[in-house]
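Please look through the structure below with these numbered notes beside you. They take up a pocket and then the surroundings of the ligand.

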Amino acid sequence: MKIVSTIAGLRAQDRDRRRPRVLVPTMGALHAGHVSLIRLARQHAGPEGEVAVSIFVNPLQFEPGADFERYPRPEKADEEVCRAEGVDLLFRPSPNEMYGEDRSTLVEETVLSERLCGASRPGHFHGVCTVVTKLFHLLEPEAAVFGEKDFQQLAVVRRMVRDLDFVIKIIAAPIVRDPDGLAMSSRNQYLNPEERAQAPVIRRALLAAAQSQEKPAAAVLARVRGTIESAPLARIDYAEIVGADDLQPRLTIEPRTLLAVAVFFGRTRLIDNILLA
Ligand code: AMP
């Protein structure tokens, strides 16, 4: 596995263009969710192709006061995961390498980014779009894998790729969960034991909503809120029912309707989603 931490190092590589490259962008602290993305990338790249993983805790996508400083950065363990999974290239730049002090260009998607996480985390998605654009230019993959756990991110990236004519196929990977249903996340390690014990309420609320036959979105949301709020340590940031493609609110449950939630346990914000129909 090649490990590259500079842009010059990437450019100096003697890349074999006949080998398709599939990129998995991450912020590291790799867990089984990331591993599933890496395996999907390998399936798409084929045995002769190249799987590239980027690990970059992107300061641009953390709003002021968020967890940028304390975000976990277990470099050695991450490297081991990548080696064990047969990753060909690990790109692990520093913030200074990615952003010059006088940078003044941002990439912004302006419609799908507005609601849900975009409303709670101002600037988050232009941070995502800017870094993903840079990674696409630097690594020039044929395809890139993104997890459905970050459903809005996936939609925003797809829209950006369409609007800006990137010739890169975006592959969606299903959500990987702990046995009790909690969606895996690098942030789960912030949870204390009581918070961790209560966090699976999110999945229970989403599953109950998907199984109910109720059609009015308001009724479904009221039940979801009630279930999540029955956990004393849970504080809902948002719970919304939107179209899975346009991310705009829906009043009734119809085909391709998504229920998306963000819930705080203490300072830790967890997100999850489920397709209702
Ligand atoms: P992150 O390192 O949290 O920025 O995530 C990097 C990529 O892994 C994103 O495309 C996420 O959607 C995806 N991902 C993170 N957690 C999971 C999970 N539990 N299941 C599937 N994909 C995930």
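1. The second largest pocket has a volume of about 330 Å³. A pocket here is an open set of points on a 1 Å grid over the protein atoms alone, where a 1.4 Å probe fits, with protein on both sides within 12 Å along at least five of seven lines; the volume is the space filled by probe spheres set on the points.

2. This is a predicted model, in which local features need pLDDT of at least 70 and side-chain atom pairs count only at pLDDT 80 or more, while totals for chains, interfaces and linings use all residues. Residues are numbered from 1 along each chain as its sequence is written, and side-chain values use heavy atoms, with hydrogens and water left out.

3. The lining of the second largest pocket (residues with an atom within 4 Å of a point) consists of 18 residues, and E148, F151, L154, R256 and L275 lie nearest the pocket's centre. Two elements, α7 (151–163) and β9 (268–275), each give two or more residues to this lining, and α7 gives the most, with five.

4. By residue class, the lining of the second largest pocket divides into 11 nonpolar, one polar and six charged residues. At least three residues of the lining come from each of domain 1 (2–173) and domain 2 (186–272), with bounds taken from an automatic or database domain assignment.

5. Around the ligand there are 17 residues, and H34, G147, D150, V176 and M184 are the closest; a residue is counted if one of its heavy atoms lies within 4 Å. This shell divides into nine nonpolar, six polar and two charged residues, and α2 gives the most to it, with three residues.

6. Which backbone atoms lie 2.8 Å or 2.9 Å from the ligand? A backbone N or O atom of G147 is 2.8 Å from a ligand oxygen atom, and a polar backbone atom of V176 is 2.9 Å from a ligand nitrogen atom. A polar backbone atom of M184 also lies 2.8 Å from a nitrogen atom of the ligand. Taken alone, the ligand exposes 480 Å², of which the protein buries 93%, the areas coming from the Shrake-Rupley method with a 1.4 Å probe.

Definitions and conventions. A polar contact is a pair of N or O atoms within 3.5 Å; within protein, one must be able to donate a hydrogen and the other to accept it, and residues adjacent in sequence count only if both atoms are side-chain atoms. Helices (H or I, at least four residues) and strands (E, at least two) are DSSP runs, numbered from the N terminus. Ala, Val, Leu, Ile, Met, Phe, Trp, Tyr, Cys and Pro count as nonpolar, Asp, Glu, Lys and Arg as charged, and the others, Gly among them, as polar.
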